[in-house]
Amino acid sequence: MASLTPTPKQQIFGSDGLPLVGGKIYTYAAGTTTPLATYTDSSGGTANTNPIILNSLGQANIWLASSSTYKFSVYTSADVLLYTVDNIATPIDYLSLVTSLASPPPIGSTAPDTGAFTTLNATTGTVTTLTSTTGNITTVNATTINATNITATGTVTAETLTFEGGGSMTKLAEPAIKPITATVAANALTVTLNPTTLDFRSSTLTSGTVVSRSVSAAISVTVSSGSTLGTVSGQQSRIVVLAIDNAGTVELAVVNIAGGNDLTETGVISTTAEGGSGAADSASTIYSTSARTNVAYRVVGYIESTQATAGTWATTPSTIQGCGGQALTAMSSLGYGQTWQSVTRTSGTTYYNTTGRPISVVAYGNASSSATFSATLVVNGFTVSFAGGNLNTANAGGQYFLSGVVPPGANYVFTVSNLSMSNNELR
């Protein structure tokens with residue numbers, strides 16, 4: 001039996017159909033612009049120039065490395081690109097193929113020393129040890145497989161485990177709503193986060209790196225009997241549940257929403273150890289089983305309940321809500337994570353809301369003598385509140401009150417005449 005001879009020399013033609021005299025062939029690794037050498041003969045001992053320069057007949061000796069795949073870009077001698085062809089590989093070596101087929105690696109009770117399982121299928125069965133000195137297991141499909149020892153080496157990133165030699169495993173997407181539970185027993189409250197995955201910001205505020213953490217088993221935090229978290233007897237409370245990233249280990253923390261903490265997940269927090277009976281009584285303190293400092297966190301839900309006696313956790317929560325979807329979008333609204341604070345503001349001075357959230361501002365005072373008085377609040381150039389009048393001796397001591405909402409980034413200024421001024425802000 002005879003076979004057709006391969007092309008002894010590579011010949012390239014131009015767009016005019018004539019040999020591409022002096023043409024240039026740039027050779028790269030397939031799919032890239034990384035130069036990859038070709039060779040002048042079958043020994044692979046001498047590399048061609050890159051680009052390869054075609055002779056007076058538009059020809060060149062071009063031998064490829066058998067283990068590589070190439071991309072060719074063909075140019076005229078004047079460096080005009082004619083075309084690019086990607087994923088060029090050597091044809092199958094007939095003699096090597098025959099040799100390989102003559103002695104295939106055994107599959108069965110004897111583990112191969114070399115080679116690779118492309119696909120291993122089993123309806124049921126047990127894999128005790130699967131070992132390959134050289135090679136890769138690309139796919140394992142099984143209805144039931146009990147593995148005593150399967151080892152995979154490769155590169156692990158936050159999203160994907162990539163196996164050496166090909167193949168990868170991608171983590172499941174975060175569930176939209178986090179699975180939390182809350183129970184009361186022995187007058188204590190226990191809050192649990194069930195298995196899930198969470199993405200946390202870096203604990204370094206100057207870094208935008210995101211780290212993915214897996215909660216493979218349920219984790220809990222307990223508010224002991226006698227600890228109020230700042231709740232009030234007979235009044236409904238809302239306790240926010242936080243997941244904190246303790247150097248790669250996810251833990252739980254809780255805090256009373258009434259405490260005014262910023263829970264927008266845009267920074268880091270420090271927690272206080274719950275400490276046992278009566279030790280966790282502040283609405284503004286974030287409590288966890290052990291104290292943690294400057295840790296990244298995620299809001300994973302909240303619970304609402306009304307306890308007859310604050311700190312005696314006897315009544316089952318009326319609402320248990322995992323975070324996700326639109327469940328806690330109000331956390332960035334006016335009043336959430338904010339408290340009323342006494343501040344000092346000077347008449348006629350422009351101030352700016354740099355909190356990243358709306359704030360409410362208030363000014364109040366009185367006239368100290370008979371006079372014409374006025375008070376104005378201007379936000380971003382718009383008058384939003386005004387008071388004024390003329391006091392005589394009979395009604396000296398009149399009072400005024402101004403208030404308004406200042407959007408994030410907006411400026412505001414109070415201007416008063418013949419009046420004292422005190423200021424409070426919800427921020």
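1. How much space lies in the largest pocket? About 720 Å³ lies there. A pocket is an open set of points on a 1 Å grid over the protein atoms alone, with protein on both sides within 12 Å along at least five of seven lines. The volume is the space filled by probe spheres set on the points, which are joined across faces, edges and corners.

2. This is a predicted model, in which local features need pLDDT of at least 70, side-chain atom pairs count only at pLDDT 80 or more, and totals for chains, interfaces and linings use all residues. Residues are numbered from 1 along each chain as its sequence is written, and side-chain values use heavy atoms, with hydrogens and water left out.

3. The lining of the largest pocket consists of 22 residues, and I62, W63, L64, T90 and P91 are the ones nearest its centre. Lining residues have an atom within 4 Å of a point. By class, eleven are nonpolar, eight polar and three charged. Here Ala, Val, Leu, Ile, Met, Phe, Trp, Tyr, Cys and Pro count as nonpolar, Asp, Glu, Lys and Arg as charged, and the others, Gly among them, as polar.

4. On the chain as a whole, there are 32 strands and one helix. Both are DSSP runs numbered from the N terminus: helices are H or I with at least four residues, strands E with at least two. Of the 427 residues, 33% are buried, where buried means under 20% relative accessible area, exposed over 50%, and partly exposed in between (1.4 Å probe, protein chains only). Among contacts with a separation of 6 or more, 62% are between residues 24 or more positions apart; a contact means heavy atoms within 4.5 Å.

5. An open sheet holds four strands in the order β3-β2-β5-β6, with antiparallel pairing. Its edges are β3 (52–53) and β6 (81–89), each with a single partner strand, so one side of each has no neighbour in the sheet. Two strands pair if DSSP finds at least two bridges between them. Strand β5 (residues 69–75) is joined to β6 by six bridges, and S73 stands opposite T84 in β6.

6. Two loops of this region deserve a look. In the loop between β2 (24–29) and β3 lies P51, which is joined to N50 by a cis peptide bond with omega about 25°. In the loop between β5 and β6 lies D79, whose phi is near 65°, a positive value in a residue other than glycine. Most residues other than glycine have a negative phi, and most peptide bonds are trans. D79 is partly exposed, at a relative accessible area of 43%.

7. E265 also has a positive phi, about 65°, and is not a glycine. The residue lies in the loop between β20 (249–256) and β21 (272–273) and is partly exposed at 26% relative accessibility.

8. Which residues of strand β30 (residues 399–406) are on its covered face? They are Y400, L402, G404 and V406, while Q399, F401, S403 and V405 form the uncovered one. In a regular strand the side chains alternate between the two faces of the sheet. Strand β27 (residues 359–366) runs antiparallel to β30 and is joined to it by eight bridges; Y364 stands opposite F401.

9. L198 sits in strand β16 (residues 196–201) and is buried, with a relative accessible area of 1%. Between L198 and V215 there are 7.8 Å in space, C-alpha to C-alpha, and 17 residues in sequence.

Terms used
On a 1 Å grid over the protein atoms alone, a cavity is a set of points where a 1.4 Å probe fits but cannot get out, and a pocket is an open set with protein on both sides within 12 Å along at least five of seven lines; lining residues have an atom within 4 Å of a point.
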